[in-house]
Amino acid sequence: MKKRLGTLAAAALLALATSIFAAASSTFFDDCVSAENTEFITYQNWSITNPDFGEEVGWPDAPDKTVLTADFTGGAPSAVYHISGVDRLTVSFYTPTCPLAVKNEGGNYVLASSASDEEGHIDLDGTLPVSYSPVDGNLYLNTPDQGYLLYMAVDGTGVFCPLPDEDAFLSQIKDTLTNSFLEVLVSDDDESYHPIDYDFTSCQMSLNAESALTYYYCTLYLPIPTGTRYIGLQMNYAEEIPTGDGGSIANRHRNRLRLARVDFEGEYLNWGDPLPEEEERKDPIYNVEGIYLTNQSSASSRTTSGDRVTQYFTITNNYYNGSGSQSSSSQVLTSGSGENQMKLILSDEAALPAAQAEGEQKSNNFLFILCSVIYLVLASVAVVVLIFKYRSSAS
């Protein structure tokens, strides 16, 4: 009897440990080793210039070596991921211009360019994110009290100066501002994309790089609204930067932006549309508008009507182009025309990663793993104790 009880106790503990381990969140990741389109990822205006970014720019201890290089020749570089069940998104990228501003000793806002440690990390306390306006292509700083425009000083320092016409900023620019250098957009139907704000978790300078140009390795983190099925990343960069004398200088670093890594985390991750049972569990995106507005930028009312920011994510036609074998349940979605046309193939096999950059699934929740180990240890101890007691009573 005691032996049977011991077996049942051990089985219960093992089952509990297994269920906890199975409930752990999973992660799909794009480590940016290829710019070739796959079944569920569409890249546009990227190139692969060097398999080792650190070697390319003379930064031997660069945090990430595999990157996609922005190529603005054909338009804004973008990546669209057809993935559902994402709860949290982490993105890392390189930029030759810091996306953060800070007050200097003179009380002026300038681009952050001072590291807080020998590894080049920038102290994020007191920094403000730099914003970008697709209306005029300039970089701004939007504080609660006033708007600032980025000017290039004679010594090459980026300085934010109060806008001479605050009324024009409020009426024409403020509502168009979005995140500078990298914009994150989400959609539940691939037709209307909404930009969402994010927080930087780290920003590291290339202090030990041999190149004269300083690079910044930035990592951002943001929650993804429930019901999201498409996540778009788009690079933006100012073509010209105004100078204090009323002129402007050309920005020569536009094609030096790099996308380094994208991590998707969630309990029910699925490439393509969610599985039917998962779709029933989750509320439609934007069903309760007030919940999402807390994570939305002021420009969230924009849709895919052809503006500069979202036109690369607009899906307008459904057709099959006849290349390769195609099942009756699959379709090829296209948008744009000419060089800006992109294709995204959707299939019933959405639960399986297509290839290469669609990443791998892995358990990454340390707490759940630790709990599983603890329960396994307890189960083993319980079995040993019960067997010992059984043998003692039998003797």
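Reader: Why does glycine 75 count as buried?
Author: First, a word on the source. This is a predicted model, in which local features need pLDDT of at least 70 and side-chain atom pairs count only at pLDDT 80 or more, while totals for chains, interfaces and linings use all residues. Residues are numbered from 1 along each chain as its sequence is written, and side-chain values use heavy atoms, with hydrogens and water left out. Now the label. Buried means under 20% relative accessible area, exposed over 50%, partly exposed in between (1.4 Å probe, protein chains only). Glycine 75 has 14% relative accessibility, so it counts as buried.

Reader: Where does glycine 75 lie?
Author: In the loop between strand S4 (68–70) and strand S5 (78–84). Helices (H or I, at least four residues) and strands (E, at least two) are DSSP runs, numbered from the N terminus. The C-alpha atom of glycine 75 is 9.7 Å from that of asparagine 236, 161 residues apart along the chain.

Reader: How do you know that strands S10 and S11 pair?
Author: Two strands pair if DSSP finds at least two bridges between them. S10 (residues 131–132) and S11 (residues 139–142) have two bridges, in the antiparallel sense. Therefore they pair. Serine 131 stands opposite tyrosine 140.

Reader: What joins S11 to S12?
Author: A hairpin, through four residues. Three bridges also link S11 to S12 (residues 147–152), and the two run antiparallel. Tyrosine 140 faces leucine 149 in S12.

Reader: What makes a set of residues a nonpolar core?
Author: The set holds buried Ala, Val, Leu, Ile, Met, Phe, Trp, Tyr and Cys residues, joined through side-chain atoms within 4.5 Å. The largest here has 57 residues; Tyr81, Leu89, Leu259 and Phe264 have the most contacts inside it. Strand S18 (residues 216–223) gives the largest share of this core, four residues. Another core, of 11 residues, lies apart from it, with Phe53 and Tyr217 among them.

Reader: Which residues is leucine 259 in contact with?
Author: Contact means heavy atoms within 4.5 Å. Neighbours within four places in sequence aside, the partners of leucine 259 include Trp46, Tyr81, Phe93 and Met235.
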